[in-house]
Amino acid sequence: MNVLLDHLPEFRDGFLGTLSITAASAALALVLGILIAGFRVSPIPPLRAFGTGWVMLLRNTPLTLLFLVAFFVVPQILFPGTSPFMLATLALGFYTSSFVCEAVRSGINTVPLGQAEAARSIGMTFLQTLRLIILPQATRTVVPPLSSIFIALTKNSAVAGAFSNTELFNISKLLSDRGFAIGWIFLWIALAYLIITFAISGLFRLLERRLEVAR
Amino acid sequence: MSEVSVTENADGPAPAGDQLVVLDNVNKHFGALHVLQDIDLTIHRGEVVVVIGPSGSGKSTLCRTINRLETVDTGSISIDGKPLPQEGRELARLRADVGMVFQSFNLFAHKTVLENVMLGQIKVRKTDRAAASKKARDLLDRVGVGTQADKYPAQLSGGQQQRVAIARALAMDPKVMLFDEPTSALDPEMINEVLEVMQQLARDGMTMVVVTHEMGFARSAANRVVFMADGRIIEEAEPNQFFNNPRSDRAKDFLSKILHH
C-alpha cells in the first residue's frame with residue numbers, strides 16, 4: 001500500500017507517460033490507418049499494392065522487432081537525435097495502423113456497392129465518394145473493432161517502457177528493482193491501465209450510441 | 001396522342017437531334033460469357049430509347065457501359081462527340097452530364113432527401129448552398145415528393161425513393177438520363193408514380209435510355225424500341241411497329257410470352 005503513496009510522483013509520471021504514448025500513437029494509427037485503407041480500395045494499382053504491402057509487413061512483424069528497428073535503425077540512418085517518445089510513437093502508430101486499416105476496410109466493404117456507383121454517377125471523384133459517401137456510412141461498423149484495437153494499443157505501449165520511455169511498465173520495473181513488494185506494484189499498475197482502457201471503451205460506447213441516433 | 005410525333009421520329013433522327021450517345025462495335029465479356037456482342041447504337045438528342053429483352057440479355061450492362069460503370073473490352077462509346085475517358089477526373093466530369101437511375105434507387109442512406117439532391121450540385125457543380133437548396137426543392141416538388149425533403153431515404157416508400165433518385169440525377173442538368181430497370185424493385189402500385197415522372201421527362205424533351213420491362217411505357221413514351229437477346233441487338237423499331245409487327249422470331253417469341261396473359 002505504501003509503495004503507491006511513497007512514490008506517487010513516479011506513478012503519476014508513469015500514468016501520464018502511458019497515456020501520452022497511447023494517445024499520440026492512437027492518433028497516428030488512426031490517420032495512417034484510414035489513409036492506407038483508402039489506398040487499399042483505390043482504383044490505382046500501385047497505391048493498392050502499397051497498402052497491401054504496408055499491412056502485410058507491419059501486421060505480421062512482432063512489435064518488439066519494430067521497436068528495435070525504430071530505436072536502432074531509424075536514428076542511425078535517418079533521423080539522429082529523435083526522442084524515445086517520438087520513436088515509440090512511430091513504432092506503435094505504424095504497427096497499430098495496419099490493424100486500423102483492416103478494420104476500416106471491413107467497414108468500407110459493408111457499405112453497399114450501389115452507394116459508390118450512385119456517387120460516381122453524379123460525377124464525384126474517387127476521393128469525394130470515399131470521404132462523403134462511403135466513410136461516413138462505414139464509421140458505425142468500424143467503431144466496435146476500433147475500440148478493441150486501441151485497448152490493445154494501450155497494453156502494447158508497455159513495450160515502450162523497455163526502450164527508455166517513462167511509462168507504467170517502466171515504473172513497475174524501476175520500483176521492483178529497488179526491492180518493493182511486486183504484488184502491490186502490479187496491483188496499482190494494473191489499476192492504472194484499467195482506468196485508461198475503461199475510458200477508451202466508455203468513449204467508444206458513447207460514440208456508438210451517438211452514431212446510432214444519427215443513423 | 002403522342003403517336004403522331006412518334007411516327008415522324010421513327011423514320012429518321014429526331015428533327016433537331018444530333019448524335020448524343022454513340023456506341024460503336026462494343027464488345028464485353030464477363031469471364032466466358034459474351035454479354036455484349038458487336039453493339040452499334042446511336043441515340044440522338046431528345047430521343048427516348050427503350051431497351052427491352054429477356055433477363056440476362058445484356059441490356060442492363062449496355063446501360064451501365066454508357067457512363068462507364070462497366071468497362072468495355074473493345075469498341076468505342078462517345079457522349080456528345082467525346083469518347084469516354086479512363087477512370088479519373090475527366091470521367092467524373094463526363095458522368096456529371098449523364099444522369100443515372102438505378103433499379104435499387106441507391107439514395108445516400110446517411111443523407112436526407114434534400115441533401116441527396118443538393119450534394120452533387122455543391123460538390124461537383126460547385127453551386128452555392130442556397131441556390132442548390134432552392135433547385136433541389138423545386139425538383140422534389142416537380143417529382144411530387146417536396147413534402148418529404150427532410151426525411152431520410154429509409155423513411156420513404158420505394159416509389160418515393162425512386163422519384164428522389166430521379167430528382168438527384170436531374171439536379172446535375174444531365175444531357176442524357178439512363179434508367180436501369182427503374183421500376184423493377186417497386187411494388188405494383190408504386191410503378192405508375194415513377195413512370196408518370198418519366199413520361200413527363202420524355203415530353204419535356206429529355207434524352208433518355210430506359211431499360212425496362214414496362215411495355216406500356218415503351219409503347220407510349222419511346223421514340224424507338226431496341227430489342228436485345230443474348231448480348232445482341234436483335235431488332236430496332238418504332239414502338240408501334242415493334243409491338244404490332246415484330247420482324248424477328250426472337251422478338252415474336254418474347255412478345256408472345258409477355259403480352260398474352
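Is A:F67 buried or exposed? With 0% relative accessibility, A:F67 counts as buried. Keep in mind that this is a predicted model.

**Aromatic pairs**
- Searching the whole structure turns up 12 aromatic pairs over all chains.
- Take A:F67 and A:F71: their ring centres are 6.0 Å apart and their planes meet at 15 degrees, so this pair is stacked. The cut-off for stacking is an angle under 30 degrees.
- Both residues belong to helix α4 of chain A (residues 63-78), where they are four residues apart, about one helical turn.

**A charge over a ring**
- Over in chain B, the ring of B:F108 has the charged end of B:R168 sitting over it, 4.6 Å from the ring centre.

**The chain B sheet**
- Chain B has an open sheet of four strands, ordered β2-β1-β4-β5, and the pairing is antiparallel.
- The edges belong to β2 (33-44) and β5 (82-83) of chain B; each has a single partner strand, so one side of each lacks a neighbour in the sheet.
- In general, strands of a sheet pair through backbone hydrogen bonds, parallel or antiparallel.
- For β5(B), two bridges make the antiparallel link to strand β4 (residues 74-79) of chain B.
- Zooming in on β5(B), B:P83 has B:S78 standing opposite.

How values were computed. Residues numbered from 1 in each chain as written. Chains lettered and ligands numbered in written order. Predicted model: local features only at pLDDT ≥ 70, side-chain atom pairs only at ≥ 80, totals over all residues. Heavy atoms only, no water. Phe/Tyr/Trp six-rings, centres within 6.5 Å; stacked < 30°, edge-to-face > 60°. Buried < 20%, exposed > 50% of the residue type's maximum accessible area, 1.4 Å probe, protein only. Lys NZ or Arg CZ within 6 Å of the ring centre and 35° of its normal. Pairing = 2+ DSSP bridges.
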